[in-house]
Amino acid sequence: MGLSYRGESPKIYIKEDNMSKAEVTFLDELLNLDKSLSLSLSLSASKTAPLGNYRPHMKALEYSCHGVFWICGSIVGLWFANTLQREAFFFNLILALFLDILFVGILKAAFHRRRPSNNEADDMFMTFSIDKMSCPSGHTSRAVLLTLLLVASSPGWGLLHLVLFTWCTCTCASRVLLGRHYVGDVCIGVVLGYFEYQLMNVLWAGPETADCYIENLHSSQTSTTHTQTRLTLRPLFVFLFT
């Protein structure tokens, strides 16, 4: 029995090793294909690239989908909202944008894939340390998420829907053309954006619920401000009246 056991074990290990090697080889081939395809499509990665003249247009698309602009714009919209419906819309939009940042950050840290070698990182606007990672494309997931949310929130606006889908498609394509991301990063970004949209369908807060959250947030901020003011003025009162 001992000899039989020793004789069979190496065969099992060899099979497992062969399977793992095959999986690694397939993954390497897939990544190499992704890299070569992406490098061949990065036609606006520099001013001297074949489509370098269109680089400013690609950068404009990049700015148009930057998270900072959308979050700030949504906060301004929430501030000036004059109906519960508009207030709820901007509240949910802000929630969706922060969820996107959270998911993209987690996945980038998990995949830890560097950006393409021909990416010009010096002209990337307002980036953080996690933005050195490439997968998934945050601009892509945000573009897909925003497009689906805005389309769902504006039924009957066919022309607006066409503009949104065109903007989304061009933004996704520009990530590869600029050399910012690999094709695989963009594909994963599309899937992530759709997943976030479906998640927001579950988490979407109605007008009354959103108003309740906003009122609670406002009350907590007011209480915190009063506490900080009281703690700041207490030494002054002690000095004056003791």
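This is a predicted model: local features need pLDDT of at least 70, side-chain atom pairs count only at pLDDT 80 or more; totals for chains, interfaces and linings use all residues.
User: At what angle do helix 5 and helix 6 pack?

Analyst: Helices are DSSP runs of H or I, at least four residues, numbered from the N terminus. Axes are lines fitted to C-alpha atoms over the stretch in contact, and angles run from 0 to 180 degrees between N-to-C directions. Here helix 5 (residues 138-152) and helix 6 (residues 158-177) pack at about 175 degrees, with axes 9 Å apart. Angles over 145 degrees count as roughly antiparallel, so helix 5 and helix 6 are roughly antiparallel.

User: Which residues make the contact?

Analyst: Contact means heavy atoms within 4.5 Å. Helix 5 contributes residues including His139, Ala143 and Leu150. Among those from helix 6 are His161, Trp167 and Arg175. The contact residues divide into 10 nonpolar, five polar and one charged. Nonpolar covers Ala, Val, Leu, Ile, Met, Phe, Trp, Tyr, Cys and Pro; charged covers Asp, Glu, Lys and Arg; the others, Gly among them, are polar.

User: What span should helix 6 have?

Analyst: The expected span is 1.5 Å times one less than the number of residues. For the 20 residues of helix 6 that gives 28 Å, and its end C-alpha atoms are 28 Å apart, which agrees. After helix 6 comes Gly179, with a positive phi near 80 degrees.

User: Is Lys59 buried or exposed?

Analyst: Lys59, in helix 2 (residues 55-64), is buried, with a relative accessible area of 12%. Leaving out residues up to four places away in sequence, Lys59 touches Asp123, Leu178 and Arg180.

User: Where does UniProt place the feature "transmembrane region"?

Analyst: UniProt annotations may be inferred rather than shown by experiment, and positions follow the numbering used here, with feature names shortened. The unreviewed entry lists residues 63-82, 88-107 and 143-167. Residues 88-107 are 100% helix and 0% strand, with end C-alpha atoms 28 Å apart.

How values were computed
Residues are numbered from 1 along each chain as its sequence is written. Side-chain values use heavy atoms; hydrogens and water are left out. Helices (H or I, at least four residues) and strands (E, at least two) are DSSP runs, numbered from the N terminus. Angles under 35 degrees count as roughly parallel, over 145 as roughly antiparallel, 65 to 115 as roughly perpendicular and the rest as oblique. Buried means under 20% relative accessible area, exposed over 50%, partly exposed in between (1.4 Å probe, protein chains only).
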